[in-house]
Amino acid sequence: MGSYGFGMMIDKLRKSPKKIVFTEGTDPRILEAASRLLAGTFLSPVLVGNQDEIQKAAEDSAFNIRGAEIIDPMNFEKIDTMVDLFVELRKNKGMTPEKAREMLKSANYFGTMLVKMGYADALLGGATYTTADTVRPALQLIKTKPENKIVSSVYILIRPSATGDNEVLAMADCAININPSEDDLVEIAGETMQCARIFGIDPKVAFLSYSTLGSGTGETVDKMRNAANRTKALYPDTVIDGEMQFDAAVSPKVASTKCPNSPVGGRANTFIFPDINAGNIGYKIAQRLGHFEAYGPILLGLNAPINDLSRGCNAAEVYSMAIITAALA
Ligand SMILES: CC(C)(COP(=O)(O)OP(=O)(O)OC[C@H]1O[C@@H](n2cnc3c(N)ncnc32)[C@H](O)[C@@H]1OP(=O)(O)O)[C@@H](O)C(=O)NCCC(=O)NCCS
């Protein structure tokens, strides 16, 4: 990772240990990550699920989860308080105590409410839930920070190098906003560059398109150009440009022909995509063909750190994402 590596995140957590909720308490990948976390002392796992089922799953997969806090939605002592708060939070959506009680049987809603009620600092889910099912309770109950209009997301991509000088990139929004507006893109870029800095990136931000500085035309070209210009005006000290094609953004040779005067051309490390199709496909190409490790989606703009795992994740990714999530708390 960049200058802000896992070591630094762990050091930060050691100074101020946190609790993280895992909504899928019986999943072997979660249990393996939880057993690794329990061996450290900086991040305590809270496993949501039935005590016996979780213990049996841990025994079956031979992971030691002694000391893990297990909370069963079916048997939670503060369930009445949780139902009342849930109804209060969703009162203008016609929420009733009966409906809330039913929804709280689902670990994704229950786990999110544990964070809301302060039982834990952060949440990681999505090993079996879809992104939408992990993120929706957070959007509805945790909500955006007062200064934000939307929740968005970033992937941090790391290509390890033998010399230790890892290549670190940020890509957004590859997972949440399906067709971001110009306003959304300005906010996504602002949040993304802030998060990129936490990971040691000095952001050089490219607003990506099929056109480079006016070479092509179209509605989405205008959207990316306008968003780039507005972001430049908002953050005059950050290196930002667009619209530009991906090759112009990363290849100095291509940039010397397509955008020779661009401060970003050929050296971009922070990429803003026009929509979720481009973003999701783009980061996966970097991951699968470019051999970058992908960390994310890291949600941006929420009132509490809640993150989503890919359903194809492994235990090492769960462990890393848990540390990243809690360190951002
Ligand atoms: C994020 C997502 C799940 C929200 O979808 P949804 O739940 O159908 O959205 P809704 O319009 O019903 O909104 C539900 C709530 O979330 C809020 N919301 C939706 N998108 C939001 C956003 N980007 N930021 C903040 N709040 C948002 C809505 O305002 C609404 O709040 P309310 O109920 O308090 O009024 C949806 O945008 C999505 O599916 N994105 C793609 C996810 C995906 O498949 N990613 C690819 C794999 S990584």
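Modeller: Two residues are in contact if their C-beta atoms, placed from the backbone, lie within 7 Å. Helices (H or I, at least four residues) and strands (E, at least two) are DSSP runs, numbered from the N terminus. The structure above is a predicted model, in which local features need pLDDT of at least 70, side-chain atom pairs count only at pLDDT 80 or more, and totals for chains, interfaces and linings use all residues. Residues are numbered from 1 along each chain as its sequence is written.

Colleague: Which residues of H1 and H13 meet?

Modeller: On the H1 side they are Phe6, Met9, Ile10, Lys12 and Leu13, and on the H13 side Ser320, Ile323, Ile324, Ala326 and Ala327. By class, eight residues of this contact are nonpolar, one is polar and one is charged. Here Ala, Val, Leu, Ile, Met, Phe, Trp, Tyr, Cys and Pro count as nonpolar, Asp, Glu, Lys and Arg as charged, and the others, Gly among them, as polar.

Colleague: At what angle do the axes of H1 and H13 cross?

Modeller: Axes are lines fitted to C-alpha atoms, for helices over the stretch in contact, and angles run from 0 to 180 degrees between N-to-C directions. The axes of H1 (residues 6-15) and H13 (residues 315-327) cross at roughly 55° and come within 9 Å. The two helices are therefore oblique to each other (under 35 degrees is roughly parallel, over 145 roughly antiparallel, 65 to 115 roughly perpendicular, and the rest oblique).

Colleague: Is the crossing of H1 and H13 left-handed or right-handed?

Modeller: The crossing of H1 and H13 is left-handed; that is, the near helix is turned anticlockwise from the far one by less than a right angle, whereas clockwise would be right-handed.

Colleague: How do H6 and H7 cross?

Modeller: The axes of H6 (residues 107-116) and H7 come within 9 Å and cross at roughly 40°, and H6 passes H7 in a right-handed crossing. Asn108, Tyr109, Thr112, Met113, Val115 and Lys116 of H6 make the contact with Asp133, Thr134, Pro137, Ala138, Leu141 and Ile142 of H7. Seven nonpolar, three polar and two charged residues take part.

Colleague: At what angle do H8 and H9 pack?

Modeller: H8 (residues 182-198) and H9 pack at about 45°, with their axes 9 Å apart. This crossing of H8 past H9 is right-handed. In H8, Glu182, Leu185, Val186, Ala189 and Gly190 meet residues of H9 including Lys223, Arg230 and Leu234.

Colleague: How many residues surround the ligand?

Modeller: A residue is near a molecule if its C-beta atom, placed from the backbone, lies within 6 Å of it. Here 16 residues surround the ligand, and the closest are Ala132, Leu139, Ile150, Val151 and Ala175. Helix H7 (residues 131-142) gives the largest share, six residues. The shell divides into nine nonpolar, five polar and two charged residues.

Colleague: Which peptide bonds are cis?

Modeller: The bond from Gly242 to Glu243 is cis, with omega near 5°, and Glu243 is in strand S8 (residues 239-244). The bond from Gly296 to Pro297 is also cis, with omega near 0°; Pro297 lies in strand S10 (residues 293-300).

Colleague: Where is Leu213 placed?

Modeller: Leu213 is in the loop between strand S7 (204-208) and helix H9 (219-234). Phi of Leu213 is near 45°, a positive value in a residue other than glycine.
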